[in-house]
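This note sets out several points for a colleague who is meeting the structure for the first time. Please read them with the sequence and the model at hand.

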Amino acid sequence: MSEYIENFKRTEIKYLLSSDQFEKLFSFLQGFAKVDAYGKTRINNIYFDTPDYLMIRTSLEKPVYKEKLRLRTYGDTTDSTNSFIEIKKKYDGIVYKRRVSGTYKAAYDYLVNGGAPLDESQISREIAGLIYMYDGLKPAMRISYDRVAMAGTVDSDFRVTFDTNIEWSTDSLDLREKAVGTPIIEEGQYMMEIKVKDAMSLELTKKLSELEIFPASFSKYGRGYIDMIQMSSEMCYENRTETNITSSKKGVRVYA
């Protein structure tokens with residue numbers, strides 16, 4: 001059985017910050033928000049997709065509605081680590097995140113090996129429906145990063161997160177295994193998400209403008225996917241070039 005069920009609905013706005021912008025904004029935010037009890041946490045995700053990456057390709061086209069399926073843990077992961085199976089949907093700018101929780105082994109076995117669902121809740125049925133809709137869903141990419149999260153001290157619906165050391169990998173798609181990833185953002189950069197239930201405060205809006213911090217379209221899985229495709233294309237080009245050189249030496253020209 002899952003340990004609990006969660007359901008979120010909110011507006012999420014993303015930004016890319018330099019280290020200087022982060023330091024100044026973080027100091028400002030401490031006036032009405034505080035770092036949560038977890039401090040800096042390593043977050044690990046496996047994103048699931050079809051063999052032809054239909055979900056992320058659709059998402060990158062920026063449709064009105066898009067969705068993702070992922071398995072998430074915090075910190076080092078073992079069979080008994082608490083984990084989350086999450087559906088993240090975005091419709092007309094509003095993010096809906098629905099998730100169920102259970103041990104990593106149970107969640108992984110369900111998603112990868114056809115094991116039993118974590119529970120019989122409505123959210124679990126939605127997850128099953130998504131798996132049925134996208135034929136051949138499998139682990140597609142691992143995304144990990146360090147996160148510091150802050151929550152509003154007056155407005156409990158206000159939340160802001162800062163992510164650094166964001167990496168992607170397709171070499172190890174089981175979070176129980178260690179993996180060395182490829183960086184998605186530059187060293188010293190921060191990916192910030194401001195999450196609000198309604199509108200952002202005027203005070204914060206002015207501060208962002210003062211620091212020249214502007215919204216940025218950013219998807220970790222999307223950036224990882226684009227990076228993967230580019231690396232694959234470069235490798236194919238290098239292989240074709242090597243073939244051309246070898247064939248030319250034999251007196252036969254093979255065009256790239």
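1. How many residues line the largest pocket, and which of them lie nearest its centre? The model is a predicted one, and in it 34 residues line the largest pocket. Those nearest the centre are K14, K66, K90, F218 and S219.

2. The space within the largest pocket comes to about 660 Å³. Several elements each give at least two residues to its lining. The strands are β1 (5–17), β4 (65–74), β5 (82–91), β6 (94–103), β7 (138–152) and β10 (190–196); the helices are α2 (54–60) and α6 (220–249).

3. Of the residues around the largest pocket, 18 are charged, 12 are nonpolar and 4 are polar.

4. The largest cavity holds about 40 Å³, and its lining consists of I85, V100, Y110, P117, L118, S124 and I127. By class, 6 of these residues are nonpolar and 1 is polar, with no charged residue.

5. Which residues of α4 are buried? They are I123, S124, I127 and L130. Viewed down the helix axis, the buried residues of α4 fall within an arc of 115°, and therefore they line one face of the helix. Y132 and M133, on the other side of α4, are exposed.

Note on methods
Residues numbered from 1 in each chain as written. Predicted model: local features only at pLDDT ≥ 70, side-chain atom pairs only at ≥ 80, totals over all residues. Heavy atoms only, no water. 1 Å grid on protein atoms, 1.4 Å probe; cavity = no way out; pocket = protein on both sides within 12 Å on 5 of 7 lines; lining within 4 Å. Points joined across faces, edges and corners; volume = space filled by probe spheres on them. Helix = DSSP H or I, 4+ residues; strand = E, 2+ residues; numbered from the N terminus. Nonpolar A, V, L, I, M, F, W, Y, C, P; charged D, E, K, R; others polar. Buried < 20%, exposed > 50% of the residue type's maximum accessible area, 1.4 Å probe, protein only. Arc of directions from axis to C-beta.
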